[in-house]
Amino acid sequence: FAITPTTAAMTVWSADASGKEVAASLSAWLAERRSSFSADRPSLADALGRATAQKLTVVGEASDNPGSGHPGSSGESLRLLLGLPHLRPAVILGVVRPEVVESARSTSPGGAVSIDNVDTRVVSVKRGLVRLVGSVMHGSQVDYGDSAHLQRDGLHLIVVERRVQIYDPALLSLHGLAPRDFVVICVKSAVHFKAGFRSVADALV
C-alpha cells in the first residue's frame, strides 16, 4: 500500500519509433490481466479472523503502517484482540505512543499503565536500538526510541517512541521474546514484515 494516486504497474521503454507498437501491445496485455495482479487485502478484522490458537499467524496492520506515512498509533488492533480472548498469547508490535512509553518509564516493573483506557502492567522498558535480522535491510540499525513491553492477560504490546515500521522480530528479541511465544503477532507494517517473519510464521496475512 502507498499513499499516492499513481501507484501502478508500469513499463519503461527505450526504442525508436517502431517500438511504439510493441509498447502499446504490452500495455494492452497488462490491462487485460490487471485482476491477476490484485493482492489479497483483507481488513484487519478479517485478517485476525483467520488466525487460530493452533498456529502462528503474523498480521500486518497495513492501514496504520508508518512506512506508508501513517502514524502507527491506532488502537484498533488492541480493540479487536481484546475481543478475541481465544487468541492468546498475542502481541501487538510497534505501537507508536511516546506518552505511554514515558508513563512506563516512570513506573516500576509490574506497575500499571493505561493505553486507550485499557489497564496493562509494565514488564520492561528498553532502549529500542536494534539491528535488523531479516532479509530486508539485514544488519541495519533501526532506532525506535525507548520501547515498553506491556502485558494484560496474555495480550502483549511493544510500544515505541519513534514512528518506524516493523521489519522483523528484532524488537521482540530486545525484550526477551520470540515469535513462537505467540499465536498471533500484529505488526505495524504492510509488506516489509513478510520477509522478516516468513521463516517463523505458519501464516502471513
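1. Ala190 is buried, its relative accessible area being 13% (buried: under 20% relative accessible area, exposed over 50%, partly exposed in between; 1.4 Å probe, protein chains only). Ala190 sits in the loop between strand S7 (184-187) and helix H6 (193-197); helices (H or I, at least four residues) and strands (E, at least two) are DSSP runs numbered from the N terminus.

2. This is a predicted model, in which local features need pLDDT of at least 70 and side-chain atom pairs count only at pLDDT 80 or more, while totals for chains, interfaces and linings use all residues. Residues are numbered from 1 along each chain as its sequence is written, and side-chain values use heavy atoms, with hydrogens and water left out.

3. Leaving aside residues up to four places away in sequence, Ala190 touches Ala62, Asn65 and Gln165 (contact: heavy atoms within 4.5 Å).

4. An open sheet of 8 strands has the order S3-S4-S5-S6-S2-S7-S1-S8, with mixed pairing (two strands pair if DSSP finds at least two bridges between them). Its edge strands, S3 and S8 (203-204), each pair on one side only. S5 and S6 are antiparallel over 6 bridges; Ala148 has Val159 in S6 as its bridge partner.

5. Helix H4 (residues 98-105) has Val100, Val101 and Ala104 buried. Seen down the axis of H4, its buried residues fall within an arc of 100°, so they line one face of the helix (the arc is that of the directions from the helix axis to the C-beta atoms). Their cover includes S3 (112-115), S4 (118-131), S5 (141-152) and S6 (155-160).
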